[in-house]
There are 2 protein chains.
Amino acid sequence: MVTTTGHTVKAFDEDLSELRGLVSEMGGRAEAAIIDALAALQHRDLDSAARVVEGDRKIDELEAEIERRVVRLIALRAPMADDLRDILAALKIAAVVERMGDYAKNIAKRVPVLQDARGMEPMSVLPSMGRVTASMVRDVLDAFVTRDAQAALAVVERDREVDDFYNSLFRTLLTYMMENPHNITASTHLLFIAKNLERIGDHATNVAEMVYFAATGQTMAERTKGEDPLAGDAK
Amino acid sequence: MVTTTGHTVKAFDEDLSELRGLVSEMGGRAEAAIIDALAALQHRDLDSAARVVEGDRKIDELEAEIERRVVRLIALRAPMADDLRDILAALKIAAVVERMGDYAKNIAKRVPVLQDARGMEPMSVLPSMGRVTASMVRDVLDAFVTRDAQAALAVVERDREVDDFYNSLFRTLLTYMMENPHNITASTHLLFIAKNLERIGDHATNVAEMVYFAATGQTMAERTKGEDPLAGDAK
């Protein structure tokens, strides 16, 4: 039931603000998981990698909590269309962040099988790629909380940097594989790690589009967004 | 506003049934895209591959249409918690199917760069893997429409078959790479195609869990679900 009494509106705003806070917390955890997984890879730190894998459970729990709150919020407050879109955006974004957490977990799971890959150049490039990707995750969730369309646009721009990292790593890893068959297994794992980061960047771009739409009511101009950078793969 | 007059309940049921129909249509298109992308790969059919890429737009449009209907349905009918969960499940499943469509599109995009890979064994295994994966997509959406928890469970079981395909292809492709550096680029693309199918299988498993939960109110017993089969990767 919709009422326009100050009390109910205030309670609704508080609920919505709490919901945004939970999505933001999920994002913070996904961001940390990305950074920690790549640090674990770089320092061959199995304990730290295991903590990232374990920590993904908390991200999943937060998603379930967000879903419960969305159901409660809609059922109790019967929000109008605009507010409803906002609430459903939170639900959708939470689902995307959950997948980001899965990608970070997948990176962490590859740490034990990459104990011997220490001399390979991508091992030192991946953390830089991870930092850019993690910053996209942080900034797009900040943009969601503050409803900042310009900040969302800036995140989309940064996805090109992630794609460039990916294309460069792809070529480097192919060279490693060709030079020495013994590098092939490790290179393949590193390639999947790079691909996971590239996908996280795509997901951040998708979230940026939702934030942009929620804030402006307009879709971002058609752009080469969220696409798998095949140009590099095809080289 | 909730009323219990027959008229309103009937209209709501019709709306819900139409919503399920749209999700099912999305699933049918994703299923066809998977099959068609792999047929295009096998027969080096660039036109057919281009049609899969183009057809993904329709899947995206269906997702947008589902979202509009969800907002309208909730705003107009103010459904109670159980119905609301059902409607939100449709929204979440549509988002997953949209990603499945993206994976199929990604496979189709690799067809042009795999024109010379015709003699490789995975080229003939991938369509079989694709058929199993596509059947999971079809069956889990049928289970959603009919609210069939047992059918959803059966889909989860079949994900093991997809993982077995993936692990076997992973090893085969590594062998190809090691035998001849000239195979490395094509093998990498084929590896990504296998990985895309494996991810679609994971997504179908996730949808199966939502269907199971919606139908029974219980979560599926903790199982090794939706995980990247690292055992094979690590070989």
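Predicted model: local features only at pLDDT ≥ 70, side-chain atom pairs only at ≥ 80, totals over all residues.
**View 1. The annotated PhoU spans of chain A.** In an unreviewed UniProt entry, the annotation "domain: PhoU" is placed on residues 23-111 and 127-211 of chain A. Residues 23-111 of chain A are 92% helix and 0% strand, with the end C-alpha atoms 28 Å apart. For residues 127-211 of chain A the corresponding values are 93% helix and 0% strand, with 27 Å between the end C-alpha atoms.

**View 2. The interface of chain B and chain A.** The contact draws on 43 residues from chain B and 43 residues from chain A, and the two chains bury about 3800 Å² between them, of which 66% lies on carbon and sulfur atoms. On the side of chain B, the residues that lose the most area to chain A are B:V71, B:K92 and B:F192, which together account for 14% of what that side buries. Four salt bridges are counted between chain B and chain A, and five residue pairs, with both residues at pLDDT 80 or more, are found in polar contact across this interface. The side of chain B that touches chain A receives at least two residues from each of α2 (46-77), α3 (81-110), α5 (149-179), α6 (184-216) and α7 (230-234) of chain B. Among these helices, α3(B) gives the most, with twelve residues. Sorted by class, this side of chain B has 22 nonpolar, seven polar and 14 charged residues.

**View 3. A salt bridge between B:E63 and A:K92.** Side chains of opposite charge can pair when their charged atoms come close. Here B:E63 forms a salt bridge with A:K92, and the closest N and O atoms of the pair are 3.9 Å apart. The cut-off for a salt bridge is 4 Å, so a pair at 3.9 Å is counted.

**View 4. The salt bridge of B:E31 and B:R138.** Across the whole structure, a search over all chains finds 36 salt bridges. One pair is B:E31 with B:R138, whose closest N and O atoms are 3.0 Å apart. This pair links distant parts of the chain, since B:E31 is in helix α1 (residues 6-42) of chain B and B:R138 in helix α4 (residues 122-146) of chain B, 107 residues apart. B:E31 counts as buried at 17% relative accessibility, whereas B:R138 is partly exposed, with a relative accessible area of 36%.

**View 5. The salt bridge of B:D56 and B:K105.** The closest N and O atoms of B:D56 and B:K105, which form a salt bridge, are 3.6 Å apart.

View 6. B:D82 lies in helix α3 of chain B and forms a salt bridge with B:R85, the closest N and O atoms being 3.2 Å apart. Because B:D82 and B:R85 are three residues apart in this helix, they are separated by about one helical turn. B:D82 has a relative accessible area of 59% and is therefore exposed, while B:R85, at 38% relative accessibility, counts as partly exposed. In chain A, salt bridges that share partners join A:E18, A:E65, A:R68 and A:R69 into one network. From C-alpha to C-alpha, B:D82 and B:A33 are 33 Å apart in space, and they are 49 residues apart in sequence.

**View 7. A polar contact of B:T205.** B:T205, in helix α6 of chain B, counts as buried at 1% relative accessibility. The side chain of B:T205 makes a polar contact with the side chain of B:D159, at 3.4 Å.

View 8. A:A78 is not a glycine, yet has a positive phi of about 40°; A:A78 is found in the loop between α2 (46-77) and α3 (81-110) of chain A. With a relative accessible area of 19%, A:A78 is buried, the cut-off for this class being under 20%. B:A78, likewise not a glycine, has a positive phi of about 40° and lies in the loop between α2 and α3 of chain B. At 19% relative accessibility, B:A78 counts as buried.

How values were computed: Residues numbered from 1 in each chain as written. Chains lettered and ligands numbered in written order. Heavy atoms only, no water. UniProt positions renumbered as here; feature names shortened; annotations may be inferred. Helix = DSSP H or I, 4+ residues; strand = E, 2+ residues; numbered from the N terminus. Contact = heavy atoms within 4.5 Å. Buried area = accessible area lost by both parts, 1.4 Å probe. Salt bridge = Lys/Arg side-chain N within 4 Å of Asp/Glu carboxyl O. Polar contact = N/O pair within 3.5 Å; in protein donor to acceptor, adjacent residues only side chain to side chain. Nonpolar A, V, L, I, M, F, W, Y, C, P; charged D, E, K, R; others polar. Buried < 20%, exposed > 50% of the residue type's maximum accessible area, 1.4 Å probe, protein only.
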